[in-house]
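Hi,

Here is the structure I promised to pass on.

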Amino acid sequence: MRIGILGNGNMAGALGAHWVRAGHRVRVGGRSPERAAELARQIGAESSGQLNEIAGFGDATLLAVPYGSAAEVVRETGGALAGRVLIDCTNPVGPGFVLTTAEGPSGARRIADASGARVVKAFNLCADSVWRHTPVAFADGPLAVPLCGDDEAALETVRALVRDVGGAPLDAGGLDRAGLLEATTAFLIGLWVGGHDPRTMLPPTHAMA
Ligand SMILES: NC(=O)c1ccc[n+]([C@@H]2O[C@H](COP(=O)([O-])OP(=O)(O)OC[C@H]3O[C@@H](n4cnc5c(N)ncnc54)[C@H](OP(=O)(O)O)[C@@H]3O)[C@@H](O)[C@H]2O)c1
C-alpha cells in the first residue's frame, strides 16, 4: 500500500523502516525538505516531499509529530487528509506525565475533527526503541498494539500495518476510547521513566475469573 508519513523524527523512522521492509511504498514529509529527504534515504523510502503532498499520497498516513504541533501540521496539509486513513501515534503528554488535553476531548478526537480523516489511534503506547525491534515481538510473542477507531475499513488497514511490524492488533474500542489510551500511556510513561515495570502490576487474565 501507499503510506505517507508526516514527520521525520524517531517514530517516523522506526515505523517507516518496518513498512519499507514489508514492501510498501513509503513517502516521508517534513517541514525541512533536507531532513525529510535524509530520513527517506535512511529507511529506504521511495521519496520525500512537502507535508500537503505527502498527506494526499497514502492509503494510510502516519501523523508522527509532537501533539502540540499536530493542529498546525493538519492545517498545512490544506484538507488533503479529509476522508483518509490517519494513524495518530501522538501523545498529548506534558511535564509531570499529565495529559495536555485533560480539559475536553482526546487528542485523537481533536485531530479527527481538524482533519476530517478516519483516525485510528495506534502505536502511541510504546517508545520508539520498542518499535525499532524487528520484529516487534518478545518472550510472550508479538506485542499487542491497541487500536481505537470508528471506521472498520480504516481499522483493517491499520491492523495490517501492525502485523507488518511484527505486532498483534488489539481492538480496543472506538475513537471515544482513545482518550483512555492516551491517559494510560501518560500513566505508563511515568512508571517506566520512574524505573518501574508496569507488567508486574497486571495479574494473568485467568486470575480475574
Ligand atoms: N519517541 C517515542 O518514543 C514515541 C512513542 C510513542 C508515541 N510518540 C509520539 O509520536 C510523535 C512523534 O514523536 P517522535 O519521538 O518521532 O518525535 P521527534 O523525533 O521529536 O520528531 C518530531 C517530528 O515532528 C516534526 N515537527 C515538529 N513540529 C512540526 C511542525 N510544526 N510542522 C512540521 N513538522 C513538525 C519534526 O520536524 P523537524 O525535524 O523539522 O523538527 C520531527 O520530524 C509525538 O507525538 C510523540 O508523542 C513518540
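Below is what I found, grouped by topic.

One thing to keep in mind throughout: this is a predicted model.

**The annotated domain**

The UniProt record, an unreviewed entry, lists residues 2-92 as "domain: Pyrroline-5-carboxylate reductase catalytic N-terminal". In the model that span is 42% helix and 23% strand, and its end C-alpha atoms lie 27 Å apart. Helix H1 carries Leu 15, which is buried at a relative accessible area of 0%.

**Aromatic rings**

As a reminder, two numbers describe a pair of aromatic rings: the distance of the centres and the angle of the planes. The count here comes to 2 aromatic pairs. For Trp 19 and Phe 123, the ring centres are 5.7 Å apart and the planes stand at 70°, so this pair is edge-to-face; the cut-off for that label is an angle over 60 degrees. Trp 19 belongs to helix H1 (residues 10-21), while Phe 123 is in the loop between strand S8 (118-121) and helix H6 (128-131), so the contact ties together parts that are 104 residues apart in sequence.

Phe 123 also forms an edge-to-face pair with Trp 131, at 5.2 Å centre to centre and 75° between the planes. Put together, Trp 19, Phe 123 and Trp 131 make one aromatic cluster. Are its members buried or exposed? Trp 19 is buried at 0% relative accessible area, Phe 123 is buried at 1%, and Trp 131 is buried at 1% too.

Phe 57 has a separate story, with arginines over its ring. The charged end of Arg 27 sits over that ring, 5.5 Å from the centre. Arg 2 lies over the face of Phe 57 as well, at 5.9 Å from the ring centre.

**Backbone points to check**

Most residues other than glycine have a negative phi, and most peptide bonds are trans. A few spots here go the other way. Phe 97 lies in the loop between strand S6 (93-94) and strand S7 (98-99), and at 37% relative accessibility it is partly exposed.

Which peptide bond is cis? The one from Thr 134 to Pro 135, with omega near -5°. Pro 135 is in the loop between H6 and strand S9 (137-138).

**Salt bridges**

Side chains of opposite charge can pair when their charged atoms come close. The total in this model is 13 salt bridges, and here are a few of them.

- Glu 38 and Arg 41 have their closest N and O atoms 2.8 Å apart. They are 3 residues apart in helix H2 (residues 33-43), a separation of about one helical turn. Glu 38 is partly exposed at 33%, whereas Arg 41 is exposed at 57%.
- Arg 118 and Asp 151 come to 3.1 Å between their closest N and O atoms. This pair links distant parts of the chain, 33 residues apart: Arg 118 is in strand S8 and Asp 151 in the loop between strand S11 (144-149) and helix H7 (152-165). Arg 118 is partly exposed at 30%, and Asp 151 is partly exposed at 24%.
- Arg 159 and Glu 152 bring their closest N and O atoms to 2.9 Å. Arg 159 is buried at 8% relative accessibility, but Glu 152 is partly exposed at 47%. Shared partners join Glu 152, Glu 156, Arg 159 and Asp 171 into one network of salt bridges.

**A nonpolar patch on the surface**

Finally, Phe 187, Met 201 and Leu 202 make a nonpolar surface patch of about 340 Å². Leu 202 lies in the segment after helix H8 (178-193) and is exposed at 58% relative accessibility.

Cheers

Notes
Residues numbered from 1 in each chain as written. Predicted model: local features only at pLDDT ≥ 70, side-chain atom pairs only at ≥ 80, totals over all residues. Heavy atoms only, no water. Phe/Tyr/Trp six-rings, centres within 6.5 Å; stacked < 30°, edge-to-face > 60°. Helix = DSSP H or I, 4+ residues; strand = E, 2+ residues; numbered from the N terminus. Buried < 20%, exposed > 50% of the residue type's maximum accessible area, 1.4 Å probe, protein only. Lys NZ or Arg CZ within 6 Å of the ring centre and 35° of its normal. Patch = residues over 30% accessible without salt bridge, like charges linked within 9 Å, V, L, I, M, F, W, Y side chains within 5 Å. Areas by Shrake-Rupley, 256 points an atom, 1.4 Å probe, with all protein chains shown as cover. Salt bridge = Lys/Arg side-chain N within 4 Å of Asp/Glu carboxyl O. UniProt positions renumbered as here; feature names shortened; annotations may be inferred.
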